[in-house]
Amino acid sequence: LAAFVLLVGFTACGDADGSPRGPVVLAASSLQESLEEIADAWAADGHPAPVLAFAATSALARQIERGAPADVFVSADQDWMDMLEGQGLLREATRSDIVSNRLVLVRGKGAAARELADLGEGRLALADPIAVPAGRYAKAALEGLGQWDTVAGRVVPAENVRAALALVERGEAALGIVYATDAAASTEAEIVRELPADSHPRIRYPAAVLASSAHPDAVAFVDFLQSARAQEVFRMHGFRAAE
């Protein structure tokens with residue numbers, strides 16, 4: 001990721017042939033399909049196509065903290081964005097919540113386990129519950145439901161929510177807790193149930209322009225994420241409004 005960010009960052013405003021390049025956007029992995037579609041719509045309107053890089057929010061935030069030359073950050077939670085804002089790494093008045101999400105319990109299609117009580121010697125896949133937003137939300141939900149102590153020893157932490165889902169899809173974990181949007185896009189896993197919204201902090205995705213960005217389209221692209229056109233794409237991928 002670091003090498004890729006450096007590569008696209010140094011050429012963020014122009015390709016080798018002199019044609020303009022869109023802003024470099026670092027975004028949570030759970031946004032990949034929706035943001036790629038939104039980026040296509042942005043480019044279709046005549047703007048230079050943005051350069052998109054996806055990874056766990058925690059990994060991206062640390063890259064920004066270390067000076068990754070990007071323009072826009074879209075986080076899967078408030079805490080990592082708060083950290084960057086506290087260090088003066090966000091451009092003032094550009095931060096806003098763009099969408100929200102939900103948590104679901106999933107299993108591989110045809111798997112025997114249907115509930116956490118069915119785990120037995122099986123594993124529970126989560127994104128890293130220490131650093132990655134999806135994992136932290138999942139741990140908070142399990143604590144809120146009084147189940148964390150029971151399953152903590154069966155947890156398999158993954159580098160991001162997509163990796164956690166992949167463990168379930170491959171049968172390497174009996175169950176997993178992931179975002180509803182990721183589960184809905186899977187052909188190898190199925191949703192068992194949605195976790196109660198009041199069992200964990202609300203899942204909101206903030207976006208902001210980085211203070212170091214000089215790209216002329218950075219602010220406009222963040223604004224576009226809140227447009228009716230972009231919000232419809234998010235909705236089609238299972239996200240909900242941020243309010």
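## Helix α4 and its buried side

The buried residues of α4 pack against α3, β3, β4, α5 (133-144) and β10. Here buried means under 20% relative accessible area, exposed means over 50%, and partly exposed is in between (1.4 Å probe, protein chains only). Helices (H or I, at least four residues) and strands (E, at least two) are DSSP runs, numbered from the N terminus. Packing rests on contact, which means heavy atoms within 4.5 Å.

Which residues of α4 are buried? They are Gln78, Trp80, Met81 and Leu84. These residues cover an arc of only 165 degrees around the axis, so they sit on the same side of α4. The arc is that of the directions from the helix axis to the C-beta atoms. An α-helix has 3.6 residues a turn, so residues three or four places apart point the same way.

## About the model

This is a predicted model: local features need pLDDT of at least 70, side-chain atom pairs count only at pLDDT 80 or more, and totals for chains, interfaces and linings use all residues. Residues are numbered from 1 along each chain as its sequence is written, and side-chain values use heavy atoms, with hydrogens and water left out.

## Helix α3 beside helix α4

Helix α3 covers residues 57-65, and helix α4 covers residues 78-86. Their axes come within 10 Å and cross at roughly 5 degrees. That makes α3 roughly parallel to α4. Axes are lines fitted to C-alpha atoms, for helices over the stretch in contact, and angles run from 0 to 180 degrees between N-to-C directions. Angles under 35 degrees count as roughly parallel, over 145 as roughly antiparallel, 65 to 115 as roughly perpendicular, and the rest as oblique.

Which residues make the contact? From α3 come Thr57, Ser58, Ala61, Arg62, Ile64 and Glu65. From α4 come Trp80, Met83 and Leu84. By class, this contact has 5 nonpolar, 2 polar and 2 charged residues. Ala, Val, Leu, Ile, Met, Phe, Trp, Tyr, Cys and Pro count as nonpolar; Asp, Glu, Lys and Arg count as charged; the others, Gly among them, count as polar.

## Helix α9

Helix α9 spans residues 218-225. Its buried residues are Ala218, Phe221, Val222, Phe224 and Leu225. They cover an arc of only 155 degrees around the axis, which puts them on the same side of α9. The buried residues of α9 pack against β1 (24-28), α2 (32-44), β3 (72-74), β4 (96-101), β10 (203-209) and α10 (228-236).

## Two nonpolar cores

A nonpolar core is a set of buried Ala, Val, Leu, Ile, Met, Phe, Trp, Tyr and Cys residues joined through side-chain atoms within 4.5 Å. The largest one has 66 residues. Which of them touch the most other members? Leu31, Leu124 and Tyr205 do.

Take Leu124, leaving aside its neighbours within four places in sequence. Its contacts include Leu105, Leu116, Leu119, Leu142 and Val151.

Val25 lies in strand β1. At 1% relative accessibility, Val25 counts as buried. Not counting residues up to four places away in sequence, Val25 touches Pro50, Val51, Leu52, Ala53, Val72, Val74 and Phe221.

Val99 lies in strand β4. Val99 is buried too, with a relative accessible area of 1%. Val99 and Ala242 are 143 residues apart along the chain, yet their C-alpha atoms are separated by 4.2 Å. Beyond four places in sequence, the residues that Val99 touches include Leu31, Tyr205, Phe234 and Ala242.

Ser34 is found in helix α2. Is Ser34 buried or exposed? Ser34 is buried, with a relative accessible area of 1%. Leaving aside neighbours within four places in sequence, Ser34 is in contact with Val233, Phe234, His237 and Phe239.

Asp45 is in the loop between α2 and β2 (51-55). At 45% relative accessibility, Asp45 counts as partly exposed. Asp45 touches Phe224 and Arg229, not counting residues up to four places away in sequence. Ala93 is found in the loop between α4 and β4. Ala93 is exposed, with a relative accessible area of 87%. Ala93 has a positive phi of about 65 degrees, although it is not a glycine.
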